[in-house]
Amino acid sequence: MINFSRLLKVRETARDVKKHHNKRADEVPKHLIRYANVKAPMVIWNITRKCNFSCDMCHLGSALEADSDELTTQEALEFIDHMASIKVPMISVYGGEPLTRDDFFTLAGHAHNSGLRIILSSNAALITEKTAREIAESGISYVGIDMDGFSQISGRMDVIAGLEKAKPAMEYLKNAGVGCGVRITIGDFNLSQMSPIIKAIENTGLKRFAVCQHIDGSDWKAVKKERRKIIDYLIDYAVENPEMEVVTEQLYDDGVYLLQRVAESDPGLASEMEKLLARQGGCPAGDRIVNVDYLGNVHLCPYWQDRTIGNIREQKLSDICFDEENEILAKMKDKTQYLKGKCGRCVHKHLCRGCGARAEEMCGDLFGADPACYLTEEEVAAV
Ligand code: SF4
Ligand code: SF4
């Protein structure tokens with residue numbers, strides 16, 4: 001993810017990063033984890049495929065029923081113990097809808113009591129006043145509300161109406177003392193609505209939102225055109241509204257684009273921002289994050305389900321992630337050396353590293369050029 005707001009406040013963020021540089025994973029504030037010097041990856045854990053919504057744009061393979069072979073409570077508890085033993089810096093719990101699992105609070109509470117930091121991604125439909133209290137009691141500090149479910153109205157995407165429906169859940173979380181933000185999906189269907197959507201987010205009282213791109217098939221040309229306009233809008237918004245945290249997901253070239261825009265007006269700030277982006281190191285797949293699905297399969301990232309590097313039922317996560325013989329993992333750690341095409345030529349590749357999931361899907365080569373990069377050849381060549 002690229003956090004425009006924290007990057008724009010680069011001096012403050014850099015000072016915080018330095019302060020926490022050599023601390024244990026559980027002592028580093030969650031917003032600084034991506035800059036921290038920790039060995040174990042953050043785990044994005046899809047604990048069930050069961051979801052109470054059936055969104056057209058779901059990329060998680062969700063279904064109305066759980067898979068009969070999902071990790072059992074005992075298997076999940078043992079996995080949590082293992083993650084605690086290797087000091088995983090954070091678990092980000094996804095689904096389906098995680099709250100559909102009957103043992104959700106048993107697992108969350110166990111993770112918290114084992115010293116693990118846990119954040120939840122939910123569609124909010126099951127968050128009542130009581131659930132919000134249970135979320136707080138189980139030690140979850142933050143809930144990211146995915147707006148896709150509530151926003152799908154008669155086959156259309158209406159984020160503003162969705163935000164209205166999610167408002168009570170946000171209020172319950174706030175009253176329970178749990179941090180909360182929203183994730184919205186953008187695409188040609190709401191490009192012209194960015195301003196009223198953000199106004200609606202402001203009206204909920206939230207102080208953080210993340211933007212995720214709807215990618216329909218392989219029409220990357222359309223995505224790139226949309227993305228650039230939206231990112232311009234979001235950068236201007238983040239500059240003018242420093243109290244709101246503005247985050248984008250899936251495309252690390254957003255960081256390079258932000259850097260180039262800042263360099264036009266403030267080269268000093270851009271130079272500090274570049275150091276921070278280099279420290280973040282672009283796409284974290286298989287290096288600083290891994291994804292574990294509801295069957296225990298380990299993937300390089302949640303958007304890369306076709307590439308499995310092991311299964312926690314057969315091997316410990318540490319044996320999978322720290323396997324020095326695994327050629328793909330070794331190359332992912334040192335990815336800039338292997339990038340090809342436009343990403344290989346890019347002078348900013350150490351800040352971004354392209355997207356292997358998209359490159360592999362489009363051209364069959366995970367080190368090929370990221371088809372979604374919206375920077376021009378001139379921009380990727382410009383120092
Ligand atoms: S060319 Fe590749 S490495 Fe460079 S900014 Fe674009 S996606 Fe990132
Ligand atoms: S492989 Fe692509 S989708 Fe996965 S973390 Fe990297 S940039 Fe994001």
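**Exercise 1. State what share of the contacts in the chain between residues at least 6 apart in sequence join residues at least 24 apart.**

Step 1. Two residues are in contact if their C-beta atoms, placed from the backbone, lie within 7 Å.
Step 2. Among contacts in the chain between residues at least 6 apart in sequence, the share that joins residues at least 24 apart is 70%.

The structure is a predicted model, in which local features need pLDDT of at least 70, side-chain atom pairs count only at pLDDT 80 or more, and totals for chains, interfaces and linings use all residues. Residues are numbered from 1 along each chain as its sequence is written, and chains are lettered from A and ligands numbered from 1 in the order in which they are written.

**Exercise 2. Give the order of the strands in the open sheet and name its edge strands.**

Step 1. Helices (H or I, at least four residues) and strands (E, at least two) are DSSP runs, numbered from the N terminus. The chain has 17 helices and 13 strands.
Step 2. Two strands pair if DSSP finds at least two bridges between them. The open sheet has eleven strands with mixed pairing, in the order E1-E10-E9-E8-E5-E4-E3-E2-E11-E12-E13.
Step 3. Strand E1 (2–3) and strand E13 (308–311) pair on one side only, and they are the edge strands.
Step 4. Strand E2 (residues 42–46) runs parallel to strand E11 (residues 289–292), and four bridges join them. Val 43 stands opposite Val 290 in E11.

**Exercise 3. Decide whether the residues of strand E5 (residues 142–146) are buried or exposed.**

Step 1. A residue is buried if 20 or more other C-beta atoms lie within 10 Å of its own, exposed if 12 or fewer, and partly exposed in between; C-beta atoms are placed from the backbone.
Step 2. Five of the five residues of E5 are buried, so the strand is largely enclosed by the rest of the structure.
Step 3. In a regular strand the side chains alternate between the two faces of the sheet. In E5, Tyr 142, Gly 144 and Asp 146 are buried on one side, and Val 143 and Ile 145 are buried on the other.
Step 4. Strand E4 (residues 118–122) runs parallel to E5, with four bridges. The bridge partner of Leu 120 in E5 is Val 143.

**Exercise 4. Find the residues with the most contacts inside the largest nonpolar core.**

Step 1. A nonpolar core is a set of buried Ala, Val, Leu, Ile, Met, Phe, Trp, Tyr and Cys residues joined through C-beta atoms within 7 Å.
Step 2. The largest such core has 108 residues, and Val 43, Ile 91, Val 143, Leu 173 and Val 178 have the most contacts inside it.
Step 3. Helix H7 (residues 159–176) gives the largest share of this core, eight residues.
Step 4. Leaving aside neighbours within four places in sequence, the contacts of Leu 173 include Ile 127, Val 143 and Val 178.
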